[in-house]
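Hi,

Here is the structure I promised to pass on. Have a look at it first, then read my notes below.

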Amino acid sequence: MRMASSEELTESSVLGRRVPCPELDPNTPEPPRWAYIHKPIIIMVMGALMLGAGVVLILLHSSGVTDTPHATAPVCLSIGMMFVVVGLVWIPILKDKQRRMGHLDVFG
């Protein structure tokens, strides 16, 4: 077996095949704008779904269609609202963090 020389390793790292630190590689494409805030968006969607489930449970329970426990609908409503609020608060925090790191144009 033949060992690679340091010149070959340097050349391969320049060509993009082997980069020890990919976040410092200038050839790496910039991630899409939503990539920085995808977690808060997912949290808000989950909260909206839980909130919707709570509303449906309240409507079904009030019309007498289902026999769900009395605490199920308010629990779904409160957890869903909490997730939505956490997501809404998280987005400005991430914007401020990106602005401090020097990525001013990330969020437009």
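Below is what turned up, helix by helix.

A word on ground rules: this is a predicted model, so local features need pLDDT of at least 70 and side-chain atom pairs count only at pLDDT 80 or more, while totals for chains, interfaces and linings use all residues. Residues are numbered from 1 along each chain as its sequence is written, and side-chain values use heavy atoms, leaving out hydrogens and water.

Let's start with H3, residues 72–100.

Which residues of H3 are buried? They are Ala 73, Cys 76, Gly 80, Val 84, Gly 87, Ile 91, Leu 94 and Gln 98. (Buried means under 20% relative accessible area, exposed over 50%, partly exposed in between, with a 1.4 Å probe and protein chains only.) Helix H2 (38–63) is among what covers them, where contact means heavy atoms within 4.5 Å. Just after H3, Gly 102 has a positive phi of about 100°.

Now to H2, where you'll find Ser 62. Ser 62 counts as exposed because its relative accessibility is 59%. A polar atom of its side chain sits 3.0 Å from the backbone oxygen of Leu 59.

Finally, an unreviewed UniProt entry lists residues 41–60 and 72–94 as "transmembrane region"; such annotations may be inferred rather than shown by experiment. In the model, residues 41–60 are 100% helix, with end C-alpha atoms 28 Å apart. Residues 72–94 are 100% helix too, with ends 33 Å apart.

Cheers

Conventions. Helices (H or I, at least four residues) and strands (E, at least two) are DSSP runs, numbered from the N terminus. The expected span of a helix is 1.5 Å times one less than its number of residues. A polar contact is a pair of N or O atoms within 3.5 Å; within protein, one must be able to donate a hydrogen and the other to accept it, and residues adjacent in sequence count only if both atoms are side-chain atoms.
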